[in-house]
Structure formats: structure tokens, C-alpha cells
Amino acid sequence: IETDLDRLWPALSGGPLVAVAPEFDAADQEAGPGHPPPARLMVSVDGRTAYALPWGEPVTQFAERLRKGGGTIVGHGIKPLLHALAESEIDPPAIGFDTLIAAYLLDPTRSYDDLAQLAASLSIDPGGAGHAACLIRRLVDPLKAELERLELRPLFNDVELPLIDVLVSMERRGILLDTDALATVGRELRGHLDQLETRIYRLAGERFNLNSPKQLADILFNRLGLPPVKKTKTGFSTDESVLSQLALQHELPADLISYRQLNKLLSTYVDALPALVDPATGRLHTTFHQTVAATGRLSSSDPNLQNIPIRGEWGPRIRRCFIAQAGHHLISADYNQIELRLLAHFAQDPMLLEAFQRNDDVHTATGTQLFGLAREQITPQMRRVAKTVNFAVIYGMSPFGLSQELGISQAEAKRYIERYFTHYRGVKDFIDQTVARASAEGAVTTLWKRRRPIPELAQRPAATRALGERTAVNTVVQGSAADIIKVAMNRVWRRLRRERRQSALLLQIHDELVLEVPESELEAVRGLVIEEMEGAASLSVPLRVDVGVGRHWADAH
């Protein structure tokens, strides 16, 4: 490790790719919003020598010299370092590569936090590397070669790498939370839970620990005499799938499902979110993860904002506590049925293509096929069944799963699935071809050639193979949706910067983008978002975006 920086500075001209790795004095610290900065920044130009730059002026000089020399940086999960630089008001050099993201694209089913393991997987001897920065630099060329071999360079260069800057911007901006309004929701939610608890005890005929599977099993199967559905190593199961079946026979299991759901909302969001508000900004700053979900979707943590319910009584009330700052509104832009549109594109089924090209309601269209009725005869309940069947196809749901979802017999669920495939023959062919190709190649790819290995298809147990078949089809569709929303995020963010807008991208929730927009920019940005999102991919059917505007997230959705 070198400390003589006069030997480093000349190496920063001529556009080098320089590996960087932050180091901390305390083992449990990491770079990020609100965290103390690293103690030093380790850098390596050649993969053999690492230079130690004390955090502060030397790092500022390094960044300035590298920018002037036209160089770029490479890290192993570089986003936290960008936060540390921003916290210290140091302009970062451009990002040239990220070894963690590259490794993730090669195989998103594995974890690559350990640099030595990643090096070993690429037949690189980590010995003698000297420091993490050296090893990161030595990983770049082999990873580039693998990305090239698997035709992943466009996905890496045009989608994932540019997205890092977008995510840093979103994480630093955060979203305002009305903690007073959330406290009100909490009081009402606790009151509702108390009522449910009293009702459950009355139905059970005695008090018991609602969170004890053993006591609950005793109430359900001994005291109430309900039939056990499945057995585990510790006794009869009381998980949600079991309770859903038992709810058809007794009120208590249904109330218990509601109790569990509301209790989770209370603990996960209502009680937890206020403690995560940054006192300096008054905002929640979630962390987005690019290298976690095997489908390519982003995930979020601290807090996880991906799973707040949209429907029901309480989900929208919690979302109403996410607000825009004074003089601003929130814009929610959501892709309309993107997974079904992708299914139509991949399957090239004439009836499905026609429904989207004519802008028909695809669930009603499916309802006409399932029930053999004219469009005007399809009731809301029939449409709900058709909608469930449409998505069941993508997720590879079995007749048993569909029967549970709709509360019908397995025989009836099987008939719905058979009717669907009779009318949408192209979809059946697409599923069969996808599974066959995945079995032959051991992996599937998305619209942008995102790759996911499917090792389950090579396994003997039928249940494991069935899981592999569902995963293969779902990954092609859901992974392609992930590609499109990431392309859209890049396009929207860069267009806002290009036009010097004050509007900011705040959140990405599955197929939805949330922006905070000054009132003076509302109309222009609304049109901009629609244009950039709908132009993110060219499919056989049009992409459509539903846009809402409001002071609160619930009103905007």
C-alpha cells in the first residue's frame, strides 16, 4: 500500500479506469446518507498497487484530477461511496464500471459480496492482490469479457450502470412523511385490532395467545373441531393458506387473517416509519438495491416501501401520509397492465394482441372467453375472476392455487385454465416454448437479454421441476417489465436534468414511478413522464401509462 500520492497523480491522466474502495475505522460502519464518512479511500490504477487517501482534501484532489484527466471509477457496489462523496460535498468522477452489478448480471441467483469468491469463480487468483481496490481492478476485464460473451453489455452499459446515479439522487431526495397523520392512523388501527381481538376470543370461547401457532392449532382443531389441512414437523399448520381454506367453514380463521395483516401494517409501517425519518430533512430515505431480486426488479430497505398495500381500507390511508412539500404535488405514473402487454408481445396471440391494440379492457375480453358471454353481460364478479386467471397464467398458478385465490373448487379452477388456453392458444405455445428452451439452455432471458439460470428444471422431483417451469415463464415476463421500468427511470431522470426542471424522481414501486413536482411544472412534467415511459420500449402492443396527481401519494395513485 502506497501513501506517497505524488506517485499517483501522474497516473490519473489519459482517461484511466481507477478502482476505489472506501475503508472505515469501525467495522460496523458503511458509507451512505447520514453515515460518518470513510476514514480513507483506497485506489488502484493497475491492480497491483493500492494508494491510501485520507478522507478529505486528498480525496477531493483525487476526484478533481481524475475528472480533468477524463478518467472513471470502478467499485464493487459503488453507490454507497457516491453518497459519502455527496455528504462531503465532493463532486464524484464518472462511473466506468461496477463489479458487483456486472457479477449480478452474469448470475442473479448468487451473492457476490465476497470479492475473493467472485475472483475464484472467474479463475482469478486473489492472492497477491494486496488490497480490495487492487482485486476490484483485476476483476474488470474478465467481467467485461463474460458480459460480452453473454450479450449483456447493452443491459449493463445502457440500463444498469446509468441507473446508479438515478438511485443515488432518489435516495438523497427522500419523501416527506406526515407523522401526525400517521399517528392518527395508528390510533384507529389499534382500536380496530382491539375489536378484532375481542371478537376472535368470543368466537374461540376463551382467550389465547394469537401469536402462538400451537395454541391456535388447539383452538381450531380441538375446540372448534375444524379439519386439519396440513401437518408440519411441530404439528398442524396454521399458516395463511390453511386459514384461507378454513375461513370457508368458520368466521374465526377469516378474522385471524385480518388480524395478522393489520398487525403487520401497524408494526412494519405505522409504528416503524416515524423512527426512520431523517431529522435533518424530515424525509424517509429508503435504500434501493439493484443486485438482490433474481428477476431484475429493484428492491428497497430501511424502510421497504415496495409492499405497502394499494387497496383495502388501511393501505391507502397509510399512503396518504406520504406527502409533497409546500407548493408541490406528487405525480404517480403507473404502467397499465405491463405484464399482460408483455405476455401479448412474447406470445403473439392474435386475440390478446387485438385486445390491447384496440385498447379493450383485457380482463373483460378474457371474461367473454371464460364465460361464453357478450361483453355487456360480463359482471364485475366475472371480470374479477378473469383478471385473476389472466395473472395466474403469468405466475404459473396451479388449479389448486387458483381455487384458493377465487374460493372455488379445483375442478372449476381447472376448467377456467383450460378454457383460457383454448382461446389464447398463442399463450400456451409461448409457455411451452419458454420451458423447453429453458430446459435445453439452463436459463431464460428477458427483453434486454437479462439472464437467469433455472437449475430447478434439471432436478428430478416433479415439484421442483414445476417450480422451475413457473420461474422460467415468470422471469421472462416480470424481468422484462423490470428492464422497461429501469429504462424509463433513466429516461425520465435525464430528461428532467436536461430541461433543468425542479421536479424530482422519488420512488420506484414495481411498475410505478413517484415524482415530486412544483405546481408550475405540473403539466409539462406530466406530459414528459408519459412520453418517456411509453417510449421506453417498442412492443407489438402500445405501452400505456396511468398518471395521477395529488398532494398525497394515495390521491396521486
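Is Glu-206 buried, partly exposed or exposed, and at what relative accessibility? Glu-206 counts as partly exposed, at 35% relative accessibility, where buried means under 20% relative accessible area, exposed means over 50% and partly exposed falls in between (1.4 Å probe, protein chains only). The model is predicted, with local features needing pLDDT of at least 70 and side-chain atom pairs counting only at pLDDT 80 or more, while totals for chains, interfaces and linings use all residues. Residues are numbered from 1 along each chain as its sequence is written, and side-chain values use heavy atoms, with hydrogens and water left out.

Glu-206 also takes part in a salt bridge (a side-chain nitrogen of Lys or Arg within 4 Å of a carboxyl oxygen of Asp or Glu). Its partner is Arg-223, and the closest N and O atoms are 3.3 Å apart. This pair links distant parts of the chain, with Glu-206 in the loop between α7 and α8 (213-223) and Arg-223 in helix α8, 17 residues apart. Helices (H or I, at least four residues) and strands (E, at least two) are DSSP runs, numbered from the N terminus. Arg-223 is partly exposed at 47% relative accessibility.

A search of the whole structure finds 33 salt bridges. One of them joins Asp-255 to Arg-199, with 2.4 Å between the closest N and O atoms. Asp-255 belongs to helix α10 (residues 251-270) and Arg-199 to helix α7 (residues 179-204), so the pair ties together parts that are 56 residues apart in sequence. Asp-255 is buried, with a relative accessible area of 10%, whereas Arg-199 is partly exposed at 28%. Elsewhere, salt bridges link Arg-491, Arg-495, Glu-499, Arg-501, Glu-531 and Glu-532 in a network.

Attention can now turn to the pockets. On a 1 Å grid over the protein atoms alone, a pocket is an open set of points where a 1.4 Å probe fits, with protein on both sides within 12 Å along at least five of seven lines; lining residues have an atom within 4 Å of a point. The largest pocket has a volume of about 1,800 Å³, a volume being the space filled by probe spheres set on the points, which are joined across faces, edges and corners. Of its 49 lining residues, Ile-310, Arg-311, Lys-387, Tyr-395 and His-510 are the closest to the centre. Helix α10 gives the most to this lining, with seven residues.
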